[in-house]
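Here are my notes on this one, in the order I'd go through them. Have the viewer open while you read.

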Amino acid sequence: MDSKKDIKSLNLEELKTELESMGEKAFRAKQMYEWMHVKLARSFDEMTNLSAKFREQCKEKYEYTCVKPVRIQESKIDGTKKFLFELSDGNVVESVWMQYKHGNSVCISSQVGCRMGCRFCASTLDGLERNLTPSEMLDQIYAITRLTQERVSNVVVMGTGEPMDNYDNILKFLHLLTDENGLNISQRNVTVSTCGIVPRMRQLADEKLQITLALSLHATTDEKRRKLMPIANRYSIKELMEVCRYYFEQTGRRITFEYSLVGGVNDTEEDAKELIALAKPLCCHINLIPVNPIKERDFVQSDTGHIQAFKNKLESKKIHVTIRREMGRDIDGACGQLRRRHTQEMQNPDGLSQEEN
Ligand SMILES: C[S@@+](CC[C@H](N)C(=O)[O-])C[C@H]1O[C@@H](n2cnc3c(N)ncnc32)[C@H](O)[C@@H]1O
Ligand code: SF4
């Protein structure tokens with residue numbers, strides 16, 4: 001990325017200061033902010049109530065983030081759409097658009113790749129390339145709104161990347177996304193998912209936002225968790241439970257635990273019992289996710305009966321639990337796979353990707 005200032009990542013106050021330094025009045029900042037974050041303009045050229053001369057000056061001075069759709073897949077089963085967006089440096093990220101009864105939801109990526117190394121996850125297979133800027137996270141949502149012509153009401157940060165490993169940018173993104181002068185998405189309709197970086201979770205709790213924090217738990221003992229998620233070598237389940245309690249105390253928001261069921265690994269009766277013991281003292285909700293197998297690993301999904309029995313066991317102890325609906329099953333591939341396939345095809349344009357061979 002070049003060194004021009006990223007104008008779409010500035011909040012309204014910062015934009016006012018910025019434009020004032022160019023000799024513009026404060027109301028110009030309001031107009032421009034609206035073009036960027038309400039009217040979702042794709043370039044300075046669309047900002048027709050700003051003078052041509054001023055727009056040219058802005059083009060010289062600022063980077064205007066606008067992600068470019070390079071692939072769109074649509075599910076024939078439920079209309080879920082998966083988008084692959086190209087960033088200004090040629091990297092690509094994926095985002096997903098899902099329609100629910102309660103509104104449209106977008107799942108965005110927070111990094112190009114991920115360095116956390118979770119064993120079942122395709123997003124981490126090539127490591128971390130770089131963090132996404134606030135504007136690159138926002139523009140995934142803006143681009144999907146422009147393309148679908150439908151309002152997004154829910155945002156989940158559950159695509160590629162570990163948001164707590166890109167903390168400052170995520171925080172800025174959350175403020176811009178929920179700003180009443182911008183897209184004005186309710187904080188309560190935003191979920192951020194983390195593999196469990198305890199100090200950052202504590203920092204987020206201190207922000208006292210009304211967003212939902214989802215913890216990817218996936219195992220009930222440190223030993224089992226270490227086998228699935230390297231981050232478990234850094235932070236224990238005890239520390240995770242403490243910080244989840246703290247998050248609830250600070251925000252009043254119920255925590256979500258994500259628990260991907262992997263056949264024969266974390267789906268036994270004993271696992272269910274241990275999960276109940278962890279969940280019971282906390283105000284939480286458990287989201288059971290049938291693991292989505294990736295070809296690079298040999299994990300298998302628990303069978304449907306097993307998943308239902310696991311759920312029943314938790315419910316019998318009055319734990320709030322849902323099984324995540326598998327949206328876009330026919331286009332899916334696990335999170336991170338579309339980007340991976342695209343990159344492989346770009347590197348090997350004459351042949352089929354390894355996946356298709
Ligand atoms: C891709 S991560 C991104 C957010 C954050 N890094 C995290 O780990 O929570 C979002 C969720 O997808 C889950 N996930 C990743 N790969 C999966 C797979 N192959 N099958 C099912 N869930 C998966 C993760 O464990 C996590 O709960
Ligand atoms: S599950 Fe989340 S933290 Fe783990 S590798 Fe995937 S994206 Fe990264």
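1. Start at ligand 2. The residues around it are Cys114, Met116, Cys118, Cys121, Ser123, Thr124, Thr160, Gly161, Glu162, Cys195 and Ser216; a residue makes this list if its C-beta atom, placed from the backbone, lies within 6 Å of the molecule. By class, that shell has 5 nonpolar, 5 polar and 1 charged residues. The classes put Ala, Val, Leu, Ile, Met, Phe, Trp, Tyr, Cys and Pro under nonpolar, Asp, Glu, Lys and Arg under charged, and the others, Gly among them, under polar.

2. Some housekeeping. This is a predicted model, where local features need pLDDT of at least 70 and side-chain atom pairs count only at pLDDT 80 or more, while totals for chains, interfaces and linings use all residues. Residues are numbered from 1 along each chain as its sequence is written, with chains lettered from A and ligands numbered from 1 in the order in which they are written.

3. Now the sheet. It is open, has 10 strands with mixed pairing, and its order is β3-β4-β5-β6-β9-β10-β11-β12-β13-β14. At the edges sit β3 (68–74) and β14 (320–323), each of which pairs on one side only. Neighbouring strands are turned by 20° against each other on average, direction ignored. Helices (H or I, at least four residues) and strands (E, at least two) are DSSP runs, numbered from the N terminus, and two strands pair if DSSP finds at least two bridges between them.

4. Which way do β5 and β6 run, parallel or antiparallel? They run antiparallel, and 5 bridges join β5 to β6 (residues 103–107). A hairpin connects the two strands through 2 residues, and Tyr100 stands opposite Gly103 in β6. On to β9 (residues 154–157): β6 is parallel to β9, with 3 bridges joining them, and Cys107 has Val156 of β9 as its bridge partner.

5. Further along the order, strands β12 (residues 255–261) and β13 (residues 284–290) run parallel and are joined by 7 bridges. Glu258 has its bridge partner in β13, namely Asn287. When you look at side chains here, keep in mind that in a regular strand they alternate between the two faces of the sheet.

6. One helix to check against the sheet is α11 (residues 337–347), which lies across β3, β4 (81–86) and β5 (92–100) and runs at about 140° to β5. Axes are lines fitted to C-alpha atoms, for helices over the stretch in contact, and angles run from 0 to 180 degrees between N-to-C directions.

7. Helices α1 (residues 12–20) and α2 (residues 26–37) have axes that come within 8 Å and cross at roughly 125°. The pair is therefore oblique (under 35 degrees counts as roughly parallel, over 145 as roughly antiparallel, 65 to 115 as roughly perpendicular, the rest as oblique). Leu12, Leu15, Lys16, Leu19 and Glu20 of α1 make the contact with Ala26, Arg28, Ala29, Met32 and Tyr33 of α2, where contact means C-beta atoms, placed from the backbone, within 7 Å. These residues divide into 7 nonpolar, no polar and 3 charged.

8. How do α6 (residues 198–207) and α8 (residues 237–251) pack? Their angle is about 10° and their axes are 8 Å apart, so the two helices are roughly parallel. Val198, Met201, Arg202, Ala205 and Asp206 in α6 meet Glu239, Leu240, Val243, Tyr246, Tyr247, Gln250 and Thr251 in α8. By class, this contact has 7 nonpolar, 2 polar and 3 charged residues.

9. Last pair: α4 (residues 134–148) and α5 (residues 167–177) pack at an angle of about 45°, axes 8 Å apart, which makes α4 oblique to α5. Pro134, Met137 and Leu138 of α4 touch Asn169, Lys172, Phe173, Leu176 and Leu177 of α5. The classes come to 6 nonpolar, 1 polar and 1 charged.

Terms used: Two residues are in contact if their C-beta atoms, placed from the backbone, lie within 7 Å.
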